[in-house]
Amino acid sequence: MPTATLADAAAAPQAPPEADGVAPRAATAGQGGAAPAPPPVAPVAPATPAPAPAAAGAPAKRSRAPSRERTFGTKVAGQPAFVLHSYPYKETSLIIDMFTRDYGRVALIAKGAKRPHSQLRGVLQTFQPLSSSWSGKSELRTLTEAEWVGGMLPLEKTALLCGFYLNELLVKLLARDDAHPALFDHYVATLNQLAHNEPATIVLRKFERALLKETGVAADLTRCTVSRERVRAELLYVVDPERGARPERAADSWPRVSGKTLLDMENEDYQDPATQAQSKQLMRFLLAHHLGGAPLNTRQILLDLMQL
């Protein structure tokens with residue numbers, strides 16, 4: 001069972017500011033001796049306008065993540081989860097960055113988890129499916145229970161490093177308390193594929209693309225932003241990270257990819273070696289843009305070891 005964690009420890013999360021608890025001042029009574037004023041006439045509330053009908057063809061709104069009213073100040077029990085990263089807190093505790101199915105990425109303090117006889121000591125390992133419970137009113141809540149549920153093979157060798165790469169992507173690209181149940185399921189499937197020695201070059205490309213889609217920053221790869229027509233397999237394109245694909249130009253410094261590669265990526269078909277090579281360069285470029293230039297430590301190790 002792997003016990004290592006990401007080498008670069010994240011900074012401790014900051015608790016959100018308390019809500020403003022000052023109540024509005026009550027209106028003061030009138031001065032004595034004045035003639036009584038006539039009773040006020042209740043104002044007629046303006047009619048609420050009917051909501052405008054949705055425009056034809058408008059994209060459906062994405063379901064909202066659990067609100068802070070739901071996740072803060074409540075107790076959560078039996079939540080499927082994985083440890084993404086952990087680092088020491090004081091002498092005997094840990095701060096855990098945990099990816100949960102229904103609450104997204106949450107920060108939890110595991111009190112006493114470093115003590116030799118703590119029940120949490122052997123449970124809070126990366127890539128192990130957990131049932132977790134927590135409580136608390138701040139952004140850093142308290143882990144109350146974590147139980148290993150099993151059912152997955154451990155990651156070994158190169159697959160283990162690929163798993164750490166997935167975790168680093170999630171830590172750096174997912175906002176806290178933003179639920180992504182479909183991405184959670186994709187993460188579980190990706191860990192299983194890596195554990196069964198499926199080709200990492202394909203498994204990682206699929207997860208990278210799913211992550212950008214789930215976080216709402218994935219550009220459309222199938223439609224040209226200039227002509228608004230479907231990309232053509234025989235032409236070369238570049239992908240604007242904010243807009244999408246357009247025909248390549250002589251002065252472009254962005255990665256050039258064929259229309260076939262873009263269509264293959266959208267269909268999750270990576271059998272063509274050219275698609276594998278071009279999609280690797282494209283995803284490296286897109287991730288660097290959305291990370292704002294922040295380095296990915298595990299990615300660099302993977303590049304050095306196996307040229308992923």
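Reading helix, backbone and charge features

Modeller: Start at the end of a helix: α4 is followed by G216, whose phi is positive, near 80 degrees. Keep in mind that this is a predicted model.

Colleague: Where do positive phi values occur at residues other than glycine, such as K90?

Modeller: The general idea comes first. Most residues other than glycine have a negative phi. Here K90, which is not a glycine, has a positive phi of about 55 degrees. K90 sits in the loop between β1 (76–89) and β2 (93–100). R228 is also not a glycine, and its phi is positive, about 65 degrees. The loop that holds R228 runs between β6 (220–224) and β7 (236–240).

Colleague: Is K90 buried or exposed, and is R228 buried or exposed?

Modeller: K90 is exposed, its relative accessible area being 68%. R228 is exposed as well, with a value of 51%; the cut-off for exposed is over 50%.

Colleague: Back to α4. What span should the helix have, and how far apart are its end C-alpha atoms?

Modeller: Helix α4 covers residues 200–214, which is 15 residues. At 1.5 Å a residue it should span 21 Å, and its end C-alpha atoms are 21 Å apart, so the two values agree.

Colleague: How many residues of α4 are buried?

Modeller: Eleven of the 15 are buried, so α4 is largely enclosed by the rest of the structure. Among the buried residues are I202, V203, L204, F207, L211 and L212. The buried set also includes the charged residues R205, E208 and R209.

Colleague: How should I read salt bridges, and how many does a search of the whole structure find?

Modeller: Side chains of opposite charge can pair when their charged atoms come close. The search finds 15 salt bridges in this structure. One of them joins the side chains of E139 and R176, at 3.6 Å from N to O. This pair links distant parts of the chain, 37 residues apart. E139 is in the loop between β4 (130–135) and β5 (140–148), while R176 is in the loop between α2 (157–173) and α3 (181–195). E139 counts as buried at 13% relative accessibility, whereas R176 is partly exposed at 22%.

Colleague: What is the partner of R246, and how far apart are the closest N and O atoms?

Modeller: R246 forms a salt bridge with D252, with 2.8 Å between the closest N and O atoms. R246 is buried, with a relative accessible area of 11%, and D252 is buried at 14%. Elsewhere, salt bridges that share partners join D97, R105, E139 and R176 into one network.

Colleague: Which residues form the positive surface patch?

Modeller: The patch is made of R223, R228, R230, R243 and R249. R228 is the residue with the positive phi of about 65 degrees discussed above. R249 lies in the loop between β8 (244–247) and β9 (257–258).

Note on methods: Residues numbered from 1 in each chain as written. Predicted model: local features only at pLDDT ≥ 70, side-chain atom pairs only at ≥ 80, totals over all residues. Heavy atoms only, no water. Patch = residues over 30% accessible without salt bridge, like charges linked within 9 Å, V, L, I, M, F, W, Y side chains within 5 Å. Areas by Shrake-Rupley, 256 points an atom, 1.4 Å probe, with all protein chains shown as cover. Salt bridge = Lys/Arg side-chain N within 4 Å of Asp/Glu carboxyl O. Lys, Arg positive; Asp, Glu negative; His and termini not counted. Charge placed at Lys NZ, Arg CZ, Asp CG, Glu CD. Helix = DSSP H or I, 4+ residues; strand = E, 2+ residues; numbered from the N terminus. Expected span 1.5 Å × (residues − 1). Buried < 20%, exposed > 50% of the residue type's maximum accessible area, 1.4 Å probe, protein only.
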